Amino acid sequence: MTDTSPAPPLSLRGVRKAFGATLALAGIDLDIAAGSVLALMGANGAGKSTLANILSGSYAPDGGTLSLRGRPFAPGSPRDAALAGIATVHQATQLVGAAGMTVADTLLLDRFANPRAPMFVSRRSVRRAAEAVAAKAGFDLPLDRDFAEIGPADRQMLAIARALSLDASVLILDEPTASLSAREAEGLFTVVEDLRARGLAIVYISHRTADLARLADRAVVLRGGRIVADLSRPIDLPAALTAMIGRPIESAAAQARPGGETVLVVDRLRLFAQAPPINLRLSAGEVVAITGPLGGGKSRLLAAIGGAGPSAGGTMHLAGEAFA
């Protein structure tokens, strides 16, 4: 009996990639289905970024094949991949545009870069075209604002809208909530769910398990450049994390328990003159998570501890000796 089911938007067979003696991908077989969110999981160095860069045309594989909608696919550049229907939205959204450009200008950058684009355009025609792009994506964007004045959430939506303007069938999102607040992340989740309902194939790369539990229809776990787990919704997150680290979570947690020896003491550190004091004590073998909302002071605290930023008072001791 002949199989008449449509080919998946994107397929990989035996894809390999090495950087010198380092094998980044060791033969990846993967189908990415339309109307679904595929979560790509793995620790740093597992191969996620390399795989995403191959899909988006930034890297050429050393071996194996890719097919797009059933046809051989070998993009020579990110633009080739974008024009073929594979759009990538990177974590660094500040690179999407530049100060002095409006949001409308930024939405139309791909059109302006086309050699066939008209040499002269009016502000009115630019706005009309940008409104059409934003409407197609279903976004309400501040078209007349300077790109430098909009926040990470709007930049993320802008990047997605621009990608969709090229009629993308595959969307790759690389750590999209890394710089978003909880409220902004919720807005992004709604957008991703809407795009999935429209039939897009979405590859979602994130270290945040809450994102994956909310969105993923399927989770593929990479370790050492190989697929070590392939899980369907509902995603068994403990199993996925065990596959990521190569051993049960309980044994990893036991190894991470502090040994008792104090390594770092932060005493009454103030990030600002009127800020409340911060006290920290870190022991050997301990992993301490510093969390908080965007703008809460996490980066400033780490900068002060590492000597890359100022503090407004307090003391620190490393291995028993004062340092500043």
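Glu175 is buried, at a relative accessible area of 12% (buried means under 20% relative accessible area, exposed over 50% and partly exposed in between, with a 1.4 Å probe and protein chains only). Glu175 sits in the loop between S7 and H7. Helices (H or I, at least four residues) and strands (E, at least two) are DSSP runs, numbered from the N terminus. The phi of Glu175 is near 50°, a positive value in a residue other than glycine.

The model is predicted: local features need pLDDT of at least 70, side-chain atom pairs count only at pLDDT 80 or more, and totals for chains, interfaces and linings use all residues. Residues are numbered from 1 along each chain as its sequence is written, and side-chain values use heavy atoms, with hydrogens and water left out.

Leu180 is placed in the loop between strand S7 (170-174) and H7. Leu180 is buried, with a relative accessible area of 7%. Neighbours within four places in sequence aside, Leu180 is in contact with Pro152, Ala153, Ala185, Leu188 and Arg208; contact means heavy atoms within 4.5 Å. The C-alpha atoms of Leu180 and Gln156 are separated by 9.3 Å, and the two residues are 24 apart along the chain.

Gln156 also takes part in the packing of H6 on H7. Helix H6 (residues 152-164) and helix H7 (residues 182-197) pack at an angle of about 15°, with axes 10 Å apart. Axes are lines fitted to C-alpha atoms, for helices over the stretch in contact, and angles run from 0 to 180 degrees between N-to-C directions. H6 and H7 are therefore roughly parallel to each other (angles under 35 degrees count as roughly parallel, over 145 as roughly antiparallel, 65 to 115 as roughly perpendicular and the rest as oblique). From H6, Ala153, Gln156, Met157, Ile160 and Leu164 meet Glu184, Gly187, Leu188, Val191 and Leu195 of H7. By class, this contact of H6 with H7 has seven nonpolar, two polar and one charged residues. Ala, Val, Leu, Ile, Met, Phe, Trp, Tyr, Cys and Pro count as nonpolar, Asp, Glu, Lys and Arg as charged, and the others, Gly among them, as polar.

Two further helices each bury one side. In H9, the buried residues are Leu237, Ala240, Ala243 and Met244. Seen down the axis of H9, they fall within an arc of 120°, so they line one face of the helix; the arc is that of the directions from the helix axis to the C-beta atoms. Their cover includes strand S3 (36-41), helix H8 (209-215), strand S9 (218-223) and S10. Gly246 follows H9, with a positive phi near 85°.

In helix H11 (residues 298-306), Leu301, Ala304 and Ile305 are buried. They cover an arc of only 100° around the axis, which puts them on the same side of H11. The face turned away from this buried side carries the exposed residues Ser299 and Gly306. The buried residues of H11 pack against strands S11 (262-269), S12 (278-283), S13 (315-318) and S14 (321-323). Gly307 follows H11, and its phi is positive, near 85°.

Most residues other than glycine have a negative phi, and most peptide bonds are trans. Arg69 has a positive phi of about 50° although it is not a glycine. Arg69 is placed in the loop between strand S4 (63-68) and strand S5 (71-72). At 47% relative accessibility, Arg69 counts as partly exposed. A cis peptide bond joins Arg233 and Pro234, with omega about -5°. Pro234 is found in the loop between strand S10 (226-232) and helix H9 (237-245).
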